[in-house]
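Let's go through this one by question and answer. Have a look at the fold before reading on.

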Amino acid sequence: MSKKLTSQKYLGQFPDHMHPHIVDIADVLEDGNCGFRAVASLLGYTEEGWSIVRRELDEELRNNNNLYEKLFRQDLQVVRDSLVATRWFTIPAMGYLVANRYNVVLVTLGKPSKTFFPMMTSYSSSARFFCIGFVNGNHWVPVNMSKGFPLPEVTADWKKFCSHEAKSWMSNLNGRLQYWNLLNPPVKPLSGVMSVE
């Protein structure tokens, strides 16, 4: 059963600029299904609904096969296999499937942090925002965020393969994407040669 953490057990594994926006972090069972458990918990299924999430994501993949053939290319079978076997929740593949199946904005916190908008529907002001965090190098946890939290960058493949209608997600939420960049400016590499004596 998922439980809220009263300690700061995972907080230090997320970007510092996101700490003020994290309301709480729940934990789920670490059994190889933790990503599916985290999503199930956010959907209100409780984490025990992880097998329902796997099944629904498999249905999403089959129902929109044309999109996913373009998006996943040679990895399509690997993604399909990961939904029917006991395989881990992998990003970016599962990010696209979750956002599309449940028509939610999925945010992953970790290294790297990403935003997944639905790819086939237009923006809705009543959209739900789900956030999951990747911790300890092998575990997903549901993260409850404050309203209006900054959104990390969107993947290049989302921009390349989303429908025309779906582009409205980016335009309507651009301020939140810019907010992330304001709080976490990209590090520019030093140019030139530097000698230290």
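Helices (H or I, at least four residues) and strands (E, at least two) are DSSP runs, numbered from the N terminus. This is a predicted model, where local features need pLDDT of at least 70, side-chain atom pairs count only at pLDDT 80 or more, and totals for chains, interfaces and linings use all residues. Residues are numbered from 1 along each chain as its sequence is written, and side-chain values use heavy atoms, with hydrogens and water left out.

Q: In which helix do Tyr68 and Phe72 both lie?
A: These two sit four residues apart, about one turn of the helix. Tyr68 is buried at 0% relative accessible area (buried is under 20%, exposed over 50%, partly exposed in between, with a 1.4 Å probe and protein chains only). Phe72 is buried too, at 8%. Their helix, residues 65-72, is H3.

Q: Is the ring pair of Phe134 and Trp140 stacked, edge-to-face or tilted?
A: Rings of Phe, Tyr and Trp (its six-membered ring) pair if their centres lie within 6.5 Å; planes under 30 degrees apart are stacked, over 60 edge-to-face, the rest tilted. Here the centres are 4.8 Å apart and the planes at 50°, so the pair is tilted.

Q: Which residue of S6 is the bridge partner of Gly133?
A: Strands pair if DSSP finds at least two bridges between them. S5 (residues 129-135) and S6 run antiparallel, joined by four bridges. In S6 (residues 139-145), six of the seven residues are buried. Across from Gly133, the partner is Val141.
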